[in-house]
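Hi,

Here is the structure I promised to pass on. Have a look at it first, and then read my notes below.

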Amino acid sequence: MPIASLSKLMTAMVILDAKLNMNEKITISKEDKDRLRYSRSRLKKGMTFTRIDLLNIALAVSENRAAAALARTYPGGSSAFVKAMNNKAHDIGLTKTRFVDAAGLGNGNVSTAQELMQIVQTASKYPEIRQFTTQTRKSITDLKRKRKIVYGNTNRLIQRAAWPITLSKTGFTSDAGNCLVMRTKINDRPVIMVLLNSWGKLSKYSDSNRIKAWLTKTERSIIKKQARDQASLAKL
């Protein structure tokens, strides 16, 4: 299925793997504009940011122009970047995952729930990705105008203490629907959730809560059954 901005997890891994200068200044250009879906952006032509700030906002709020600028300034340009994304997918054993752009705007960015789980597992090894995808509120500075852009995380569950989330990414296009991946804990058990094509903007959150409630209820039932079985054996 199309995976929209979940693709940015792979974008982040490719950038970090390249060991580029993360403090290098990158200026937003007209090439970074989304001409496929015409998504809005707070990053305007001529604004200048460090590479690390662009990576931060690309992950936390799915900034498409930030992802495009990261790909454009990669050695060899955007085409080389997309090739690196697909090579990375191959290296971690993905056979049904493909990328055509860094932001996830194209329908050619596809994967499966199972392979997205593998992407989350691999992305979790990067401290920067864990940090940037789970911070609730952050700002980056336009170095040209000395202005801050303040933003919050696109995953509203990040703000809830009941959800100890260690990695998160949302995504949306009309074709992919509302998407969400998370690495979290439920009853102290590590869990990776992958939700694709949720029908509504908020349904991915209600679905997550229902899955959590079901897992909790099921575990309690298993524990009770084990206790009854042990009690029965003790009587023998």
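Helices here are DSSP runs of H or I with at least four residues, strands are E runs of at least two, and both are numbered from the N terminus. Before going on, note that this is a predicted model, where local features need pLDDT of at least 70, side-chain atom pairs count only at pLDDT 80 or more, and totals for chains, interfaces and linings use all residues. Residues are numbered from 1 along each chain as its sequence is written, and side-chain values use heavy atoms, with hydrogens and water left out.

H1 itself is largely enclosed by the rest of the structure, because 9 of its 10 residues are buried. "Buried" stands for under 20% relative accessible area, "exposed" for over 50%, and "partly exposed" for anything in between (1.4 Å probe, protein chains only). The buried residues of H1 include Lys8, Leu9, Met10 and Thr11.

Two of those names come back in the largest nonpolar core, which has 52 residues; Leu9, Met10, Leu43, Leu54, Leu55 and Ile129 are the ones with the most contacts inside it. A nonpolar core, by the way, is a set of buried Ala, Val, Leu, Ile, Met, Phe, Trp, Tyr and Cys residues joined through side-chain atoms within 4.5 Å. At least two core residues come from each of H1 (8–17), H2 (51–60), H3 (64–72), H4 (77–91), H5 (113–123), H6 (127–132), strand S4 (147–152) and strand S6 (177–186). H1 gives the largest share, 7 residues. Apart from this core lies another one, of 11 residues, with Trp163, Ile165, Val191 and Leu195 among them.

What does Met10 touch, leaving aside its neighbours within four places in sequence? It is in contact (heavy atoms within 4.5 Å) with Met85, Lys88, Ala89, Ile92, Leu94, Phe99 and Ile119.

Strand S5 (residues 167–173) pairs with S6 in the antiparallel sense over 7 bridges; strands count as paired if DSSP finds at least two bridges between them. Ser168 stands opposite Met182 in S6, and Thr173 stands opposite Gly177. A hairpin of 3 residues joins S5 to S6.

S6 also pairs with strand S7 (residues 189–198), again antiparallel, over 8 bridges. Here Leu180 has Leu195 in S7 as its bridge partner. The hairpin between S6 and S7 has 2 residues between the strands, and Asn187 sits in that turn. Phi of Asn187 is near 55°, a positive value in a residue other than glycine. Asn187 is partly exposed, with a relative accessible area of 37%.

Are these strands covered or open? S6 is mostly covered, with 8 of its 10 residues buried, and S5 is mostly covered too, with 6 of its 7 residues buried.

**The largest pocket**

S5 turns up again here. The largest pocket has a volume of about 880 Å³. It has 31 lining residues, and Val61, Ser62, Thr154, Thr170 and Phe172 are the closest to its centre. S4, S5 and helix H7 (203–235) each supply at least two residues of the lining, and the largest share, 4 residues, comes from S5.

For the terms: on a 1 Å grid over the protein atoms alone, a pocket is an open set of points where a 1.4 Å probe fits, with protein on both sides within 12 Å along at least five of seven lines, and lining residues have an atom within 4 Å of a point. Points are joined across faces, edges and corners, and the volume is the space filled by probe spheres set on them.

**Two loops to look at**

Ser29 is in the loop between strand S1 (25–27) and strand S2 (48–50). Not counting residues up to four places away in sequence, Ser29 touches Lys45 and Arg72. Its side chain makes a polar contact with the side chain of Arg72 (3.4 Å). A polar contact is a pair of N or O atoms within 3.5 Å; within protein, one must be able to donate a hydrogen and the other to accept it, and residues adjacent in sequence count only if both atoms are side-chain atoms.

Lys146 is in the loop between strand S3 (137–142) and S4. Its phi is near 60°, a positive value in a residue other than glycine. Lys146 counts as exposed, at 66% relative accessibility.

Cheers
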